[in-house]
Amino acid sequence: MRKKIAAALLAAATVFTMAGCSDDTPTPSGSDTTTKGQDITFWLVGGDTPDSAREYLIAEYNKRTGGTLTIVEQTWGSIITNLTTNMPDANNTPDVTEIGNTQSPTFTNVGAFLDISDMYQELGGSKLLKSFVDVGMVDGKNYTLPYYFGSRYMFYRKDVWEAAGYTEMPKTLADFNAAVVDITTKNPLGITDFSGMFLGGQDWRNGVSWVFANGGELAKLENGQWKMTLSDPNTIKGLQQLQDIQLHASMAPTTAKDQSPWLYINDSDSAVEDDESVTTTALSAATIMAPGWAHWSIGDLVNDERAWNEDKFGTYVLPGNDGKPAPVFAGGSNIGISATSKKVEGAKELLRIIFSADYQQILGQNGLGPANSDYVSALGDDQFAKALIESASNSKLTPAAVGWAGLENSQKLEEFFSKIADGGDVTALAAEYDAILTPLLNQQ
Amino acid sequence: MSVVTTIDAETGVTAREVNPRKRKIAPYLLIAPAIVMLVVAMGYPLGWQIYTSVHHYGLAQQFGKAAEFVGVDNFTTLFSSSTTWMVVIRSLVFCLVNAGLTLLIGLGAALLMKAVHKAVRLTIQIAMLLAWATPVTAAVTIWIWLFDWHHGVINWVLSHFWPSMVHFNWLGTPLGFYSVATLIVVWMSVPFVAFSIYAGLTQVPDEVMEAAQIDGATAWQRLTKITLPLIRPVLMIVALLQLIWDLRVFTQTRMLQDYQDPLNVDLLGTYIYRMGIGQSDFSMASAFSIFVLLLTIAVSWFYVRELIKEDN
Amino acid sequence: MPSTQETTAQETTTGQLGIATGGPVLKEGVSLRVRRIGKVLLALSGVALALIWAFPVYWMVSSSLLSNTTLGKSTPTWFPSSGTLNNYRTVLADGRFFDALSVSLRVTLLTVFVVLIFAFLAALAISRFKFKGRKGFVLALLFIQMLPAEGLFIAQYKMMANAQLLNSVIGISVLYIAAVIPFTVWMLRGFVAGIPAELEEAAQIDGCSPTGAFFRVTFPLLAPGLVASGVYAFLQAWNEFTVALVIMQEPTSRTLPLWLRAFVEGSRAREIDWGAVMASSTLVAVPVIIFFLFVQGRMTSGLVAGAVKG
C-alpha cells in the first residue's frame, strides 16, 4: 500500500508540474521517412468491420512494414469526443481513423486530417465513390476518402402486402406513397397500431429520401456560404409526401429515430409454445426502411436466431418519380490520416492496404460496399447485394458544410422532422428552420 | 507512511505539552494533502474553464488555431438565448420536484422503519440497499427496459386498466420523459435519505417521546413538534445534498436521451454536454458551467449562510 | 409514485397512533385491537415499500436468465422458471468483463484508500483547530462539489495526456479522489468533532502511548464514520463513467460502467439483446451489493453518528 500511495503522490506531482507548464497542442515532430517497423494505431468505429478483415489488415501490415498495427474499436456514441480530445494530441492520436461521413467535413475543415491528395490517384482516383470523396475535400484537396458504403432500402412483408391486395410492388414513388396509406387503412391482419410504412418521426436519415427523390436538397453552397434549402419547392414537395406518410401510414412514435425499425416487421412470438396461451403477434409494420445489413436481424426465429424467410419477407428499392431508384441517404464512413500523426509513412501504407484489391473484396464479401467501384461485384448477386447496389447507385450524402456535425448534434433536424410528422404546416416550418439552421451550417 | 502522519497529527492535537508553534502549523499540515490533491486535479481544468469562457474557443481552437479574447460576449450570447433560460427553469423545477419527493418518501420510509417489527425493517433495509447499490448505468438500463414502449412490463400492466396504454411511449413526450427520469432519480436517492434519517431517528431518546405521549400529544404533534426539530441537522444536510445532486443530475438524463429523446428536454448537465462535446462550442459550455456553479450556490444559500455564521 | 408515498405516510401515522394508544396509559381491549391492526397495517406497508424498491433489481436478475424469445413475448414472464445462464455465457465469452472488473476494483480501492486518509486528516484539522483560512477551506470544499463536471472533460484529458496518465488507474483515480474528497471531509468532520479530545488524553494519563490511545480510543469511535464515507467514495468511483469515457480509452483499461455502456451500444446497433444487457447489468451490480451487505451494519451506525453531529 505504501508503494501505491507513493506512486499516487508522485503521479499527482507529475500531473501538477506538467499541467502547469505545458499547454495546448504539441506540434507534430518531423515524421519518419521510412515505414520500417512503424507501429501504428487504427481506430475503427462500431463492429461493422468483421474480424476476418481486421486480422487481414494486421497480418498484411506486418508483412509489408514489419511493424505492428493496433486496431482500437471506438463506439459511434463516443467517437466525436475521442476524436476531439485525441487528434490534436500527437502522443495519443490514432494514426489512421474511421469517421462518420457526416462528421468528416467538420473535422477536415479544422485541419484534423493530413492532406493526402498526392495519394488520391494511387488509391483509386475517380473509381472511388464520389459523394464520399466530396465530403472529405476542402478547397480541392483530399483529406478523407471513402471507407465503405451502405445504403438504405425497404424491407416489406409479402404476406401483409398480398393480404391487402398487392401482388406486385409499386413502380413509382407516387404509387408507393398511396399504397402504404391504403394498406394501413385496410389493416388486413387487424393488428393494433399497425403501420403500412413504419417511419419514426425524428428519423430524418430515412425521411430525407422523399426530399431527395423529388429533387430537393437540405442545403446548398452559395458564394462560399452554406444555406439551408428546406423552403425550396422540391424540398417542400418531398416533405409534404413524407408528412402524408407520417400521418396516414406510420404509427411509429414521433420520437423514434432510425434505430432498429426491424423490430416491428418481425413476428416476435413465432416460436412454438407448449401451452396454448394466446400469443398475439408483435408484428406491427408492413414496410420499413433500413440500412442493408439489417437483413441479418429480419426473419423468423429459428433457434433464437433470425432466419430470412423468402415467403414472408421481401426487399424493395424505393423508386423515384421516374421509376428509377430514388436517391437515398447513403450510409457508411470515411477514413483519413491524422494531421498530428508521427508515423505518416506507416499510415500511408495502411491506406494502400485498405484500398488494395484484396481488402476491397473482403469488404464486399462481408456486405460492406467497397469504396472502389471496380470491386462492387464482390458484394455478390443475392437480392440484398442487388438492392444495396441499386439503391446506392443514386445515393447522396449530407452537405459538406463545416458546421454539419454541430448541426446534427444540435438535434434541430430531428425537431424539424418530428414537427412535420406531427402535422405542422410544412411551408411555415421550412422557413422557420431555414432561418434557425443556416447559421449553424457555417459555424466553425 | 500515512499512519505515521496520522499519529503525529494526533499527538500534535491531543498531547498537552505540545508547543504552541507546532499547534499553529499542524492544521495546515493536515489539510495539505487534500489541498494538493484538489489543486492537482481541479486547478488546470478550472483555469481552462475560466480561460475558454472569455475566449472564442471551438473545434478549430482545439486543433491549434489561436483563441480570440471576447470578454463577456459568451455570457451575453448565452443569456440572450431563450433556450438557456428554459433549461434553467426546467432544471430548477426538476430539482425541486425530485429533491422534494426524495425527502418525503425518504422520511416516510425512515419513520416506517422505526415503527415496524425488526424482520420487516430488515426487509425494507435490504430492498433499499439493493436499489442503492445498483450502479447508475445498470439502473437506467433496467428502467428503460421496464418502460420500453413495445415490450415493457409497465405498459403491459397498465394496459389491463387502460387499454390505450398498450404501446404508450413514455419517453416520447417531455412530461413522460421527466416522469421516468424522476422515478429513476428518486428510486436511487431515497435509500441514502431513508438510512440517514432513520439513523437520526434512532438517536431521538425514547423518554422524550413517552413523556410527550403522557402529556397527550398526538402522533402528528409528536412528529412535527419533537421528532422533526430533533433531527433537523440531518434533514438540513440531506436536503442540501439532494438539491445539489438533483440540480446537476446528468448520467440518468443523458442515458435516457441516448435511448430516446423527445427533444428540448435538456437539463443543466446535458445542456453543457451538448454545447461542449456535442457542438464543440467549448466557450459556451464553460461560460454556462460557471453560471451553473453560481446557481447552485444560490440554491443552497440557506446552508452556505448558516455555515458562514456558525464559523463566526 | 405519489400514491405509494401517501400510503406510506398515512400508515406511518396510523402506526404511531397505534403505539400511542398502547403507551403507558393503558386502556382496555379496543385500544389493544387498534394497536394490533395498526401494527399489521404498518408491517404490510413496509413489505409493500420493500417490494416496490426491490422490483427493478428483481426484474433485472430475472430477465438476465431468460432468452430473447421469451423476453420478446407480449406477456411478461414473472418467474424465470425456464431460466438458463446462457446470457451470462454470452456476456463473459470474450473475457473483457474480467479486465474491466480488475480495472474497476483497482480504481475504486485506490480511491477509497487515499480519500479516507486525506479526508480524515483534513477533517481533523477543521474540527479540532481554529486557524486562519479555515472558513475559506470549508467553503471551497462546498463549492468544488457544486462545479458541474460536464464542462471539464477536454481540460481533464489534456492534463492527463500531458502527464502521460491516460488509460492508467492512477490517472483516473487522481480525478476521482479530488471529486470525492470535499464531501468526505465534510462527512468525517461531524465524526471527529463528536469524539472528545479528552478521551484520548485520559487514556494517555492511564498509561497508553499516544499511538495506543489513538488506536484504542479514537479509532473505534471513528470506524463507522470511515465506513460511511468509504461507501460514498466506493459508489462514486465504481459508478462514474463520463470522465472515464475520456480518460480510459483503451479497451483493456475500461472500467465496468464503460464496459456495460459499450455492450449496450454494440447490442443496440442490431436489436437490443435485453437478456444479455440485463446479465451484464447484474454483473456490474453484484460486487457493490456484496460490498454493501458486508459493511451494512457498520454503515448504518456510521450514518447514525454522522447524522446526529451533522
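Two strands pair if DSSP finds at least two bridges between them. Strands (E, at least two residues) and helices (H or I, at least four) are DSSP runs, numbered from the N terminus.

This is a predicted model, where local features need pLDDT of at least 70 and side-chain atom pairs count only at pLDDT 80 or more, while totals for chains, interfaces and linings use all residues. Residues are numbered from 1 along each chain as its sequence is written, with chains lettered from A and ligands numbered from 1 in written order.

I start with the sheet in chain A. Its six strands run β2-β1-β3-β14-β6-β15, open, with mixed pairing. β2 (69-74) and β15 (369-370) of chain A each have a single partner strand, so one side of each is left without a neighbour in the sheet. β15(A) pairs antiparallel with β6 (residues 144-150) of chain A over two bridges. There, A:Phe149 stands opposite A:Gly369.

Next, the domains, whose bounds come from an automatic or database assignment. Chain A has domain 1 (33-151 + 330-392) and domain 2 (152-329 + 410-441). Their contact (C-beta atoms, placed from the backbone, within 7 Å) takes eleven residues from each of these two domains of chain A. On the domain 1 side, helix α13 (residues 383-392) of chain A gives the most, with six residues. The C-alpha centres of the two domains of chain A lie 30 Å apart.

Chain B is divided into domain 1 (2-41) and domain 2 (83-311). Their centres, over C-alpha atoms, are separated by 37 Å.
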